[in-house]
Amino acid sequence: MKKVLVLLFAAVALSMPSQAQVKFGLKGGLNLTSISASGTLSDNLKNKEGFFVGPTIKIGLPVTGLSLDASALYDQRSAKVEIANASETIKSQSLQIPINIRYGVGLGSVANLFAFAGPQFGFNLGDKNKKILDQVTNWTLRSSNISANVGVGATLLNHLQLTVNYNFALGKTGEIEVWDAAKKTWNAVTDGKTSAWQISAAYFF
């Protein structure tokens, strides 16, 4: 995965013409997390809020309206597990690297409206294994994951950017196991996925 990211950034850098406009900024926002799982366990998962923050870069391309953006974001997501009148919040912490292509329409010098889409690469930063609810449930996160973004946004006065997007998992985010007391064994739920609606603001210098 790391080699793929290096190649992606290298390809972007090599494809940039000398006159490309590059802007650096800081981005942060809100995650409205949705965690899904197979079987009946989905009924026990309640969504909660999280956040993300980190540096971002915007690269103008030599095609009218087209640009790229990439970020390195500390990302926190959470959900509440409720089983047998007991509840506990589970959290994930990761480094998320979204790389989006954008198409924008200018409204003079005041604003620019744009739509964007692209892949996002995640690397787990917190504990991979979590025992919750008195060790009757296990939540095991993968070391890395891939998701995708699709959204819209606006840039105001060439500096302030506001966006809303949906980030959806393209593969398994982790595994959830529930202890079966009758059989004295763990029942694995192998397709736990984390997606999120995201609202963000960025300031470009």
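Which residues lie nearest the centre of the largest pocket? I looked this up first, keeping in mind that the model is predicted. I found Gln21, Lys58, Asn112, Thr155 and Asn158 nearest the centre, out of 24 residues that line the pocket. I then checked which elements give two or more residues to the lining, and I noted strand 3 (49-60), strand 4 (66-71), strand 6, strand 7 and strand 10 (144-156).

Next I looked up the space in this largest pocket, and it came to about 440 Å³. I also sorted the lining by class: I have nine nonpolar, 12 polar and three charged residues written down.

**Entry on the core.** I turned to the largest nonpolar core and listed its five residues: Ala70, Ile97, Ile99, Phe121 and Phe123. I saw that strand 6 (86-107) and strand 7 (111-124) each supply at least two residues of this core.

**Entry on one arginine.** I went to strand 5 (residues 73-83), where I found arginine 77. Is arginine 77 buried or exposed? I wrote down buried, because its relative accessible area is 6% and the cut-off for buried is under 20%.

I then followed the side chain of arginine 77 and found a polar contact of 2.9 Å with the side chain of aspartate 75. Another polar contact of 2.9 Å joins the arginine 77 side chain to that of asparagine 167. Leaving aside neighbours within four places in sequence, I listed the residues in contact with arginine 77, among them Asn31, Thr33, Ile90, Gln120, Thr194 and Gln198.

Notes:
Residues numbered from 1 in each chain as written. Predicted model: local features only at pLDDT ≥ 70, side-chain atom pairs only at ≥ 80, totals over all residues. Heavy atoms only, no water. Core = buried A, V, L, I, M, F, W, Y, C linked by side-chain atoms within 4.5 Å. Buried < 20%, exposed > 50% of the residue type's maximum accessible area, 1.4 Å probe, protein only. Helix = DSSP H or I, 4+ residues; strand = E, 2+ residues; numbered from the N terminus. Polar contact = N/O pair within 3.5 Å; in protein donor to acceptor, adjacent residues only side chain to side chain. Contact = heavy atoms within 4.5 Å. 1 Å grid on protein atoms, 1.4 Å probe; cavity = no way out; pocket = protein on both sides within 12 Å on 5 of 7 lines; lining within 4 Å. Points joined across faces, edges and corners; volume = space filled by probe spheres on them. Nonpolar A, V, L, I, M, F, W, Y, C, P; charged D, E, K, R; others polar.
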